Amino acid sequence: MNKSELVARIAEESNISKKEAESALNAFLNAVEEALQDGDKVQLVGFGTFEVRDRKAREGRNPRNPEEVIKIPASKAPVFRAGKALKESVNK
């Protein structure tokens, strides 16, 4: 499912226009993005949790030249962890 299909599904389920559904989806995505940028977690009970995890700096290998060692800098990665209810509904 891509974004336009999701917007259409939201509009259908909520009895609102596609334009309103897209606006609501964009507002949700922006709110989650801003919360993660601020270092906050976004918990949706039963659905899951969006959070940011720190990745340590490490050494890696260049796949084209395995003898070459490269330094991979520390970074932050957004992570989604599925909630219990979502896991159970997927595993039915």
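This note goes through the pocket, the nonpolar core and several individual residues of a predicted model.

1. Basis of the values. Because the model is predicted, local features need pLDDT of at least 70 and side-chain atom pairs count only at pLDDT 80 or more, while totals for chains, interfaces and linings use all residues. Residues are numbered from 1 along each chain as its sequence is written, and side-chain values use heavy atoms, with hydrogens and water left out.

2. The largest pocket. The largest pocket has a volume of about 220 Å³, and its lining is made up of Phe28, Leu29, Val32, Leu44, Phe47 and Phe50. A pocket here is an open set of points on a 1 Å grid over the protein atoms alone, where a 1.4 Å probe fits, with protein on both sides within 12 Å along at least five of seven lines, and lining residues have an atom within 4 Å of a point. The grid points are joined across faces, edges and corners, and the volume is the space filled by probe spheres set on the points. Helix 2 (residues 18–37) gives the largest share of this lining, three residues; helices (H or I, at least four residues) and strands (E, at least two) are DSSP runs, numbered from the N terminus. By class, the lining has six nonpolar, no polar and no charged residues, where Ala, Val, Leu, Ile, Met, Phe, Trp, Tyr, Cys and Pro count as nonpolar, Asp, Glu, Lys and Arg as charged, and the others, Gly among them, as polar.

3. The largest nonpolar core. Val32, Ala35, Leu36, Val42 and Phe50 form the largest nonpolar core, which has five residues, and helix 2 gives the most to this core, with three residues. Such a core is a set of buried Ala, Val, Leu, Ile, Met, Phe, Trp, Tyr and Cys residues joined through side-chain atoms within 4.5 Å; buried means under 20% relative accessible area, exposed over 50%, and partly exposed in between, with a 1.4 Å probe and protein chains only. Not counting residues up to four places away in sequence, Val42 touches Val32, Ala35, Gly48, Thr49 and Phe50, a contact being heavy atoms within 4.5 Å.

4. Phe47. This residue, which also lines the largest pocket, has its place in the loop between strand 1 and strand 2 (48–55), and it is partly exposed, with a relative accessible area of 39%.

5. Thr49. In strand 2, Thr49 is buried, with a relative accessible area of 8%. Beyond four places in sequence, Thr49 is in contact with Lys41, Val42, Gln43, Val79, Phe80 and Arg81.

6. Two loop residues. Asp40, in the loop between helix 2 and strand 1 (42–44), is partly exposed at a relative accessible area of 42%, and its C-alpha is separated by 8.8 Å from that of Phe50, ten residues apart along the chain. Asn15, in the loop between helix 1 (3–14) and helix 2, counts as exposed at 72% relative accessibility, and has a positive phi of about 55° although it is not a glycine.

7. Strand 3. Asn62 is found in strand 3 (residues 58–62); its side chain has a polar atom 3.0 Å from the backbone nitrogen of Arg64, and a polar contact of 3.0 Å joins the side chains of Asn62 and Glu68. A polar contact is a pair of N or O atoms within 3.5 Å; within protein, one must be able to donate a hydrogen and the other to accept it, and residues adjacent in sequence count only if both atoms are side-chain atoms. Glu59, also in strand 3, is exposed at a relative accessible area of 58%.
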